[in-house]
Amino acid sequence: MVEAYSIPVTKIERSRLPGVTLENIPFGKTFTDHMLEADFVNGEWKNVEIRPYQPLVMSPSLAAIHYGQAIFEGIKAYKNEAGEAHIFRPYDNYKRFNFSAARMEMPEVPEDIFIEGMRKLVELDKNWIPALHDHSLYIRPFMFSSDEMIGVRPSESYKFMIILAPTGPYYSAPMRIYVEEKYTRAAPGGVGQAKAAGNYGSSMYVTAQARKKGYDQVLWTDVYEHKYVQEIGTMNVFFVIGNKAYTPDLSTGTILAGVTRDSVMTILEEMGLQVEEQPVSVDMLMEAYKASELREVFGTGTAATVSLIRELRYKDFVMSFDTTQWKVTPEIKSRLDDIREGRVADNHGWMFKI
Ligand SMILES: *Cc1c(COP(=O)(O)O)cnc(C)c1O
C-alpha cells in the first residue's frame, strides 16, 4: 500500500457507538464516529484529515448546490467470523469514481487519499461494522465543487469526503417494476455512466409517478425508441431466459457499470449459466414471457445486493412471477454473501483486507 504520508487523525472524545443498536440498523441513517476530508485547492490536494463526524460549514454560494458538480460512490465493508474487516472490491469503485470525476470536469482523487484514506477510516471505526449476517458498513466517498462563486464554469476548488454508515439487511420485498416509456434517465453522450448526483435528482419525479401507480421503481428504456431496457434506480438488471442470463451491454454509455453486475456475471458463469451482454428489448422479454421461458428477473447493486422482481409492466402487458419458486437469484445472493462475509474462500481477489 502506498503510504505517501500519514493522514492526521483527530479522534472523537467519546464514541457514540454504545448508544447505537447495530442489529437491523436501517440503511443510511446512522453514521460512524469519524469522517475523512480533503480539499483540492490551487491544483493540488491538501488538508487530508480524519476527524469526528460533524456538520460542514458552507457558503450559500457553494458551486455544487447551484450547478451540480457532485459525484459519489457506494462500497461495503464486512466483518468475518474471526472479526477481520474486509472491503469488497474498493479498487473498482476507485476507478469508477475517477471516471465520474473526469466526465464532470473534476480533479482525480489519488489512490493514497481514496484507498488509503478509506482503509484508515474503516480501521478506525471498525467496531461499527456489524458482525452479523446480511449486515455491513456502507462506505460513501463523494466529491463536490466548493468554489464560493456563482457562475457556470468548472470550480477551481473541490472537497472530497468519506463517511460510513452501518447497515442491516435491506429487507426489500420482491419489487413491482414499471417499464418507463415516456421519461428517460440517460442519453448517449450524456452522464449516465457517471455516478453523478444529478442523475438521481432527475429520476425522482419519474419514480414518484410510478409509485402513485403502485410500482416500486421504473425500468428505464433507451431514449430513441423506448424499446431497449437499461437499468432500474441504482441497480443493473438481469433476466434469466432458458439456461442463459441476459443483461444490457454497456456500449451505449447510458448504463452505470455496476461492480455488483460484474461480480454477478462471474458467479452466474460459475453456476453454469451462460451470460449474454447485449441489447435487451422489451419485445424479446415479452416473447420469452409468453413462451414461459422468462424465468427470473432481478436487479443488482451495492445497497441491496440482489433484488427480486415479481412484476414487470410494459404498457398494458403485465409479466408476473412467483418468486418463491426461483432457484438462480437466491443462489447468487447466497454465493455473494458467503464470499463477502468470509464463509468461503475468496478466489477472485475481491476482498481487500483492512
Ligand atoms: C450505483 C449504481 C448501480 C450499481 O452499481 P454497484 O457498483 O453494483 O453498486 C447501478 N445503476 C446505477 C444508476 C447506480 O447508480
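Residues Thr 260, Ser 263, Val 264, Ile 267, Leu 268 and Glu 270 of helix α6 meet Val 328, Ile 332, Arg 335 and Leu 336 of helix α8, contact being defined as heavy atoms within 4.5 Å. By class, this contact of α6 with α8 comprises six nonpolar, two polar and two charged residues, where Ala, Val, Leu, Ile, Met, Phe, Trp, Tyr, Cys and Pro count as nonpolar, Asp, Glu, Lys and Arg as charged, and the others, Gly among them, as polar. Helix α6 (residues 259–270) and helix α8 (residues 328–340) pack at an angle of about 110°, with their axes 10 Å apart, which makes α6 roughly perpendicular to α8 (a term applied to angles of 65 to 115 degrees).

The model is a predicted one, in which local features need pLDDT of at least 70 and side-chain atom pairs count only at pLDDT 80 or more, whereas totals for chains, interfaces and linings use all residues. Residues are numbered from 1 along each chain as its sequence is written, and side-chain values use heavy atoms, with hydrogens and water left out.

The chain is divided into domain 1 (17–169) and domain 2 (175–340), with bounds that come from an automatic or database domain assignment. The centres of the two domains, taken over C-alpha atoms, are separated by 27 Å, and 21 residues of domain 1 are in contact with 21 residues of domain 2.

The structure holds 21 salt bridges, each defined as a side-chain nitrogen of Lys or Arg within 4 Å of a carboxyl oxygen of Asp or Glu. In one of these, the side chains of Asp 134 and Lys 333 meet at 3.0 Å, N to O; because Asp 134 lies in the loop between α3 (111–124) and β6 (136–145) and Lys 333 in helix α8, the pair ties together parts that are 199 residues apart in sequence. Asp 134 is partly exposed, with a relative accessible area of 26%, buried meaning under 20%, exposed over 50%, and partly exposed in between (1.4 Å probe, protein chains only).

A further salt bridge joins the side chains of Arg 176 and Glu 311 (3.1 Å, N to O), linking strand β8 (residues 175–179), which holds Arg 176, to strand β15 (residues 305–314), which holds Glu 311, across 135 residues. Glu 311 counts as buried, at 9% relative accessibility. Glu 276 forms a salt bridge with Lys 244, the closest N and O atoms being 3.4 Å apart, and this pair links strand β13 (residues 274–277) with strand β12 (residues 244–247), the two residues being 32 residues apart. Lys 244 is partly exposed, with a relative accessible area of 28%. Finally, salt bridges that share partners join Glu 37, Asp 39, Arg 51 and Lys 159 into one network.

Methods
Axes fitted to C-alpha atoms, helices over the stretch in contact; angles between N-to-C directions. Helix = DSSP H or I, 4+ residues; strand = E, 2+ residues; numbered from the N terminus. Parallel < 35°, antiparallel > 145°, perpendicular 65-115°, else oblique.
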